[in-house]
Amino acid sequence: MLTYIQNSDSKNAVDEATRKMDSYVMKVKNLPEVEAGYMTLGDWIDIISEDIREDMREEVTKEVREEVTEAITKEVTKEVTEAVTKEVTETVTEEVTKEIIEKNMKAFIKMFQEYHDTKENAVDKLRNIFPEYADQAEEMTEKYWKN
């Protein structure tokens with residue numbers, strides 16, 4: 001009887017009392033309200049499998065999200081860095097070029113003035129020396145010509 005109580009298996013019901021107990025156990029197991037709450041091994045495996053699937057789904061989703069976020073962050077950072085670097089380089093180059101041209105024009109204006117040239121001649125010479133800045137020649141001459 002102890003073997004039957006441990007396993008509740010009909011093959012362990014070897015005497016009359018144990019067989020009678022087995023029949024009661026079988027009747028209870030087959031009652032609809034008991035059977036609905038009675039978990040089979042398959043049910044147990046299904047529940048565990050679903051839990052594992054859910055855990056794996058969450059873990060994989062998290063890993064994929066992290067990898068995609070990292071990849072996008074790297075790509076966006078690279079593109080933004082390149083764009084900003086290009087824009088800053090262009091701006092700085094333009095500002096430095098403007099400053100150098102202005103200093104060169106100032107030096108030429110002083111030189112023309114030291115050689116007693118006229119303002120008009122200085123403007124014409126600056127236009128010839130700096131053709132891409134010809135429209136600024138008169139303005140620079142007015143700015144740096146000392147009377």
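Predicted model: local features only at pLDDT ≥ 70, side-chain atom pairs only at ≥ 80, totals over all residues.
The chain contains six helices and zero strands, giving the pattern α-α-α-α-α-α along the sequence. Its C-alpha trace spans about 140 × 25 × 20 Å along the principal axes. The radius of gyration is 47 Å, whereas a compact globule of 147 residues would have one near 15 Å. Of the 147 residues, 14% count as buried. Among contacts between residues at least 6 apart in sequence, 36% join residues at least 24 apart.

The accessible surface comes to about 11,900 Å², and carbon and sulfur atoms account for 56% of that area. As for charge, there are 21 positive and 36 negative side chains, and the centres of these two sets lie 3 Å apart.

The largest nonpolar core has 13 residues. Helices α4 (41–114), α5 (119–129) and α6 (137–144) each supply at least two of its residues, and the largest share, four residues, comes from α4. M105, I109, L126 and F130 are the residues with the most contacts inside this core. Leaving aside residues up to four places away in sequence, M105 touches L126, F130, Y133, A137 and M140.

The loop between α5 and α6 holds P131. Is P131 buried or exposed? P131 counts as exposed because its relative accessible area is 51%, and the cut-off for exposed is over 50%. P131 and K98 are 33 residues apart in sequence, and their C-alpha atoms are 14 Å apart in space.

Methods:
Residues numbered from 1 in each chain as written. Heavy atoms only, no water. Core = buried A, V, L, I, M, F, W, Y, C linked by side-chain atoms within 4.5 Å. Buried < 20%, exposed > 50% of the residue type's maximum accessible area, 1.4 Å probe, protein only. Contact = heavy atoms within 4.5 Å. Rg over C-alpha atoms; globule rule 2.2 N^0.38 Å. Areas by Shrake-Rupley, 256 points an atom, 1.4 Å probe, with all protein chains shown as cover. Lys, Arg positive; Asp, Glu negative; His and termini not counted. Charge placed at Lys NZ, Arg CZ, Asp CG, Glu CD.
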